[in-house]
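Subject: Handover of a structure and the findings on it

Dear colleague,

Please find the structure below, followed by an account of what was found in it. I would be grateful if you read the two side by side.

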Amino acid sequence: MSEQFYYFLQQILNGVTIGSTYALIAIGYTMVYGIIGMINFAHGEVYMIGSYAAFFVLAGLAMLGIDSLALLLIAAFALSIMITSAYGWSIERVAYRPLRGGNRLIPLISAIGMSIFLQNFVRLAQGSRDIAMPSLITGGWTIGPADAFNVTLSYMQVVIFVVTFISMTVLTAFISKSKMGRACRACAEDIGMANLLGINTNKVISITFVIGAALAAVAGVLLSMYYGVINPYLGFMAGLKAFTAAVLGGIGSIPGAVLGGLILGITEAITAGYFSSEYKDVVSFGLLCFVLLFMPTGILGKPEVEKV
Amino acid sequence: MNKWTKTAAGVAVSLALLGSSALANAADTIKIAMAGPVTGPVAQYGDMQFTGGNAAIEMINQAGGINGKQLEAVIYDDACDPKQAVAVANKIVNDGAKYVLGHLCSSATQPASDIYEDEGILIITAASTSPEITGRGYELVFRTIGLDSDQGPTAAKYIAEQVKPKKVAVIHDKQQYGEGIASSVKIGLEAANIPVVAFEGITAGDKDFSAIIAKLKKLDVDFVYYGGYHPELGLLLRQSKEKGLDAMFMGPEGVGNKDISSIAGEASEGLLVTLPKKYDLDPANKAVVDHIVAKGEDATGPFVWTGYAAIQAMAQGMKAGKEDPFELAEYLRNNTASTVMGDLQWDSKGDLKGFEFGVFSWHKDGTSTQKQ
């Protein structure tokens, strides 16, 4: 196999890694939009809070002298999901529920305000410097020749693929099989009708925010361990990219968010790899414009039919 | 009157009292504004400048001040953001300071200095290395550091003469400072017939550089010069090690602080950095080091010393009776200031004459040793 092939494979793996995490964050945007038709711009900050929660859990456990990898990972995921979900739930209660039913623009402004608030809250509480995260999972595989270009796949990248895949499977099962999932789908189709039929729509909306935040927490834990650095500003760019992924795949559609995330991640990697990393964002946002021009609802978006 | 209005009234009264006490002080103090990032991703460099500036002001005050008057430092936070720097500059104008130490980032100093020049405020930057800052014919803008155009050639010369790599990649963060230095290194290397096989920008704030690293690995690059700041270079180093890119890295003084070691860990060992000389190791500066260490602050950063020297230069001019910013500027152009950095002289643009950067090798514990 030629060097060209290995290079292509490497860029695809890079793209899928980053795309998986875009997808995890994009779910939060797409589910909220699917149900209440609102764009939760504070979602990027929720992801950032997930990263900080993971850092505190890991630092705390390290101080207690616990160094079992499995225990650390389970604790980081579990506690970060709990803390971040609590934030997701509170954000909805404080910033969006009182404004529901009014003009659509008002919750949007409230969301932007929430985003600024959370970013500065973490900045003031934790300082604005980059915090280095301990890397728990190191090492990886090398594929291909040792003396020429070879493909590297770190264990952490595999963990990212696997955890993303598990999260998506669990979410799909929840939405399609459980009673609550059915209620979510009903709300997505017609929230007023669902309310009339005795579904507690407030609860469904809260659950939606909690699920979105939980997946953002998963992304936060994974990415903070993968890149090893967190700061209060990392939610902005990640949120923007995830939002793009959600729109690209068709906002409101969960498979669309996953597809959008992967397309965006791979496009970025291929552009940076074959053209120039300077044009990475130009090409990915250009692609977004192009897709929306021909498919205004995104790749998998079907307006007014089924949004969740 | 309910509880809230009472509280508000109390706050108003105490603010008024504070205001009047500040006015009472104004007559016998000389206010020096120190502007730079207190917050934001590059706040470390701001700390260095503030440590140096504060130490200089305290030591000058202890030694009797300026002709009987005391210096007073006021810190302003620009977060290294051009927009906030303009707001800070306007605030400094309103607060009535006539002298500024700062700003730190070139992209912040440049717009802020427009305002200072218009309002007759003297500014000495201890860290901004962009040539454009002094290249606009301004009367009141000085610096106590070299220029990108010095740092680039120093780096290029070192690479060409000492490292002699086969293939070089030059990466930058698309900002005024980073791209400026990167271009200058590229020109220097090409002049020395060292092939630059890639010249690319990345986005500051990005976390994932795997795509560009794979590209450098495919190009079989053995030396990477990065123009920018430490958060991105730290990640580049770390990810390069993980992805098996076997290359030597080099960066400008904007990457040289301890955080790069905490971000990159072992991958930061052997990184080359161009930095101002280590004035804290100069025996003549022992008293200053002791003063800073006694306050529990760090005396090792490069901008501690450029900041200290900037205040010393201002103070020397003021002692000579040149308190007017324009007279002080005239004085600095025509006289030699004796500072912790040695004797400093400025040219007509406000740049230092004969400033030299050294090349340092960085270690994973956050220290560095001089190579040249």
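**Surroundings of one glycine**

Leaving aside residues up to four places away in sequence, B:G201 touches A:S277, A:E278, B:H172 and B:K174; contact here means heavy atoms within 4.5 Å. This is a predicted model, in which local features need pLDDT of at least 70 and side-chain atom pairs count only at pLDDT 80 or more, while totals for chains, interfaces and linings use all residues. Residues are numbered from 1 along each chain as its sequence is written, chains are lettered from A and ligands numbered from 1 in the order in which they are written, and side-chain values use heavy atoms, with hydrogens and water left out.

B:G201 belongs to strand 7 of chain B, residues 196–201. Helices (H or I, at least four residues) and strands (E, at least two) are DSSP runs, numbered from the N terminus. B:G201 counts as buried because its relative accessibility is 0%. The cut-offs are under 20% relative accessible area for buried, over 50% for exposed, and in between for partly exposed (1.4 Å probe, protein chains only). Between B:G201 and B:I121, 80 residues apart along the chain, the C-alpha separation is 36 Å.

Side chains of opposite charge can pair when their charged atoms come close. A salt bridge is defined as a side-chain nitrogen of Lys or Arg within 4 Å of a carboxyl oxygen of Asp or Glu. Over all chains, this rule gives 18 salt bridges.

One of them joins B:E200 to B:K215, with 2.4 Å between the closest N and O atoms. This pair links distant parts of the chain, as B:E200 is in strand 7 and B:K215 in helix 7 (residues 210–218), 15 residues apart. B:E200 is buried, because its relative accessibility is 7%; B:K215, at 12%, is buried as well.

Another salt bridge, at 3.8 Å from N to O, is formed by the side chains of B:E242 and B:R238. Both residues lie in helix 8 of chain B (residues 230–242), 4 residues apart, or about one turn of the helix. Is B:E242 buried or partly exposed? With 38% relative accessibility, B:E242 is partly exposed, whereas B:R238, at 9%, is buried.

In helix 10 of chain B (residues 286–294), B:D290 and B:K286 are likewise 4 residues apart, about one turn of the helix. Their salt bridge has its closest N and O atoms 3.0 Å apart. B:D290 is partly exposed at 37%, and B:K286 is exposed at 51%.

**The two domains of chain B**

The domain assignment, which is automatic or from a database, gives domain 1 (3–146 + 281–356) and domain 2 (149–277 + 358–370) of chain B. Their C-alpha centres lie 30 Å apart. In domain 1, 22 residues are in contact with 18 residues of domain 2. About 1400 Å² is buried between the domains, and carbon and sulfur atoms give 52% of this area; buried area is the accessible area (1.4 Å probe) that two parts lose on being put together, summed over both.

How many salt bridges are counted between domain 1 and domain 2 of chain B? The count is 2. On the side of domain 1 that touches domain 2, helix 2 (43–62), helix 4 (106–119) and helix 11 (302–319) of chain B each supply at least two residues.

Yours sincerely
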